[in-house]
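User: Hi! Could you walk me through this model while I have it open on my screen?
Analyst: Happy to, ask away.

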Amino acid sequence: MRDGTAYGKKLSSACAIRTCFFTASGAASARRQLMPARETEAIILKTFPLGEADRLVSFLGRASGRMRGVAPGARRIKNRYGSTLEALSHVQIWYVERETRELVRIQECESLESFHKAQSDYQLSTGLAVVSEVSEQVLPEHEASESMFRLILLTVREIERTRDWRLPLSYFAFWTVRLGGWLPQFDRCASCGTPFGSQAAYQATWEAGLLCEKCRRSGMRPLHLEARQLAERFANERVDRITNVGALAGLLTELREAALNWIEHHTERHLKTREFLESA
Ligand SMILES: [Zn+2]
């Protein structure tokens, strides 16, 4: 990926440790303990209701990697998190790690950048849902990934800015495959080695590579020369410099579907949110 500083403002202190007091839960430990709270810039990936009042939050910390935590009281009407826990929100988050538990405790969350238009629009939020699900599936827990962090942020910004997920989502899917090291050869058949030339190549979720007309099996979808050339542009150009989205629509779909198939192939998981894209 190209130099990431171009993707957006650089925020100072991606991760810092500060010390604060918090009351440990449980009747046995009512005494106040001094615990170090961690702070990181983060992207909220997903939240789930937890009990009557709390939320389980999956987030990608710029410094911490993907983590899960509990936001106590987040389901109450009056809560201290406001709208910061919306999916794909860009936030600064403070949390406390607990040695014996997998879930961290989220203490505070502040908005750095909001994407209200995309989050509140049904069509746009279907695109965001795919970004969220793919990120959850490809990112290992507790492993910082600066490239994926920048890619997700860029994608969401572009969906918000252009009010259209077609180009940003296709770009996101392509780069996720590339960053995962899963891109197959685009110029020759993975089975017999014949160059595709100007012919269509064929892909499917059960196949890691692209196949030629002779080797293809039924059910495989074409990836035409123009869609492969679009992938080349994605590899070399910033997404916000690519225009004329209307004329590219069919190619964007071809490339996105191929990339999502490769993601499913390598993660061995079906992406539930992708089926909503066609109806959006
Ligand atoms: Zn072949």
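User: What share of the contacts with a separation of 6 or more comes from residues 24 or more positions apart?
Analyst: In this predicted model, such residues account for 58% of those contacts in the chain.

User: And how many helices and strands does the chain have?
Analyst: There are 6 helices and 8 strands. Reading from the N terminus, the order is β-β-β-β-β-β-α-α-α-α-β-β-α-α.

User: Thanks. What percentage of the chain is buried?
Analyst: Buried residues come to 36% of the 280 residues.

User: Let's look at strands β3 and β4. How do they run, and how many bridges join them?
Analyst: They run antiparallel, and 7 bridges join β3 (residues 54-61) to β4 (residues 65-71). The two strands form a hairpin, with 3 residues between them.

User: Which residue stands opposite R66 of β4?
Analyst: That would be L60.

User: On to the helices. At what angle do α2 and α3 pack?
Analyst: The angle between α2 (residues 122-138) and α3 (residues 146-162) is about 175 degrees, and their axes are 10 Å apart. The two helices are therefore roughly antiparallel to each other. On the α2 side, the contact is made by L124, G127, L128, V131 and S135. From α3 come M148, I152, T155, V156 and I159.

User: What kinds of residues are those, by class?
Analyst: The contact of α2 with α3 has 7 nonpolar and 3 polar residues, and no charged ones.

User: How about α3 and α4, at what angle do they cross?
Analyst: They cross at roughly 170 degrees, and their axes come within 9 Å. That makes α3 and α4 roughly antiparallel to each other, because an angle over 145 degrees counts that way. In this contact, α3 supplies S147, M148, L151, T155, E158 and I159, while α4 supplies P168, Y171, F172, W175 and L179. By class, the residues of the contact of α3 with α4 divide into 8 nonpolar, 2 polar and 1 charged.

User: Staying with α4, how far apart are its end C-alpha atoms?
Analyst: They are 20 Å apart, which agrees with the 20 Å that the 14 residues of α4 (residues 166-179) should span at 1.5 Å a residue.

User: Is α4 largely enclosed or largely open, and why?
Analyst: Largely enclosed by the rest of the structure, because 11 of its 14 residues are buried.

User: Which ones are buried?
Analyst: In α4, the buried residues are L167, P168, L169, S170, Y171, F172, A173, F174, W175, T176 and V177.

User: And what covers them?
Analyst: The cover includes α2, α3, α5 (225-236) and α6 (245-267).

User: Switching to the backbone: which residue just after α4 takes a positive phi?
Analyst: G181 does, with a phi of about 75 degrees.

User: What about R163, what is its phi?
Analyst: Its phi is positive, about 50 degrees, although R163 is not a glycine. For context, most residues other than glycine have a negative phi. R163 sits in the loop between α3 and α4.

User: Is R163 buried or exposed?
Analyst: R163 is exposed, because it has 12 other C-beta atoms within 10 Å and the cut-off for exposed is 12 or fewer.

User: Last one: where does N244 lie, and what is its phi near?
Analyst: N244 lies in the loop between α5 and α6. Its phi is near 60 degrees, again a positive value in a residue other than glycine. N244 has 8 C-beta neighbours inside 10 Å, so it counts as exposed.

Terms used. Residues numbered from 1 in each chain as written. Predicted model: local features only at pLDDT ≥ 70, side-chain atom pairs only at ≥ 80, totals over all residues. Axes fitted to C-alpha atoms, helices over the stretch in contact; angles between N-to-C directions. Helix = DSSP H or I, 4+ residues; strand = E, 2+ residues; numbered from the N terminus. Parallel < 35°, antiparallel > 145°, perpendicular 65-115°, else oblique. Contact = placed C-beta atoms within 7 Å. Nonpolar A, V, L, I, M, F, W, Y, C, P; charged D, E, K, R; others polar. Expected span 1.5 Å × (residues − 1). Buried ≥ 20, exposed ≤ 12 C-beta atoms within 10 Å, placed from the backbone. Pairing = 2+ DSSP bridges.
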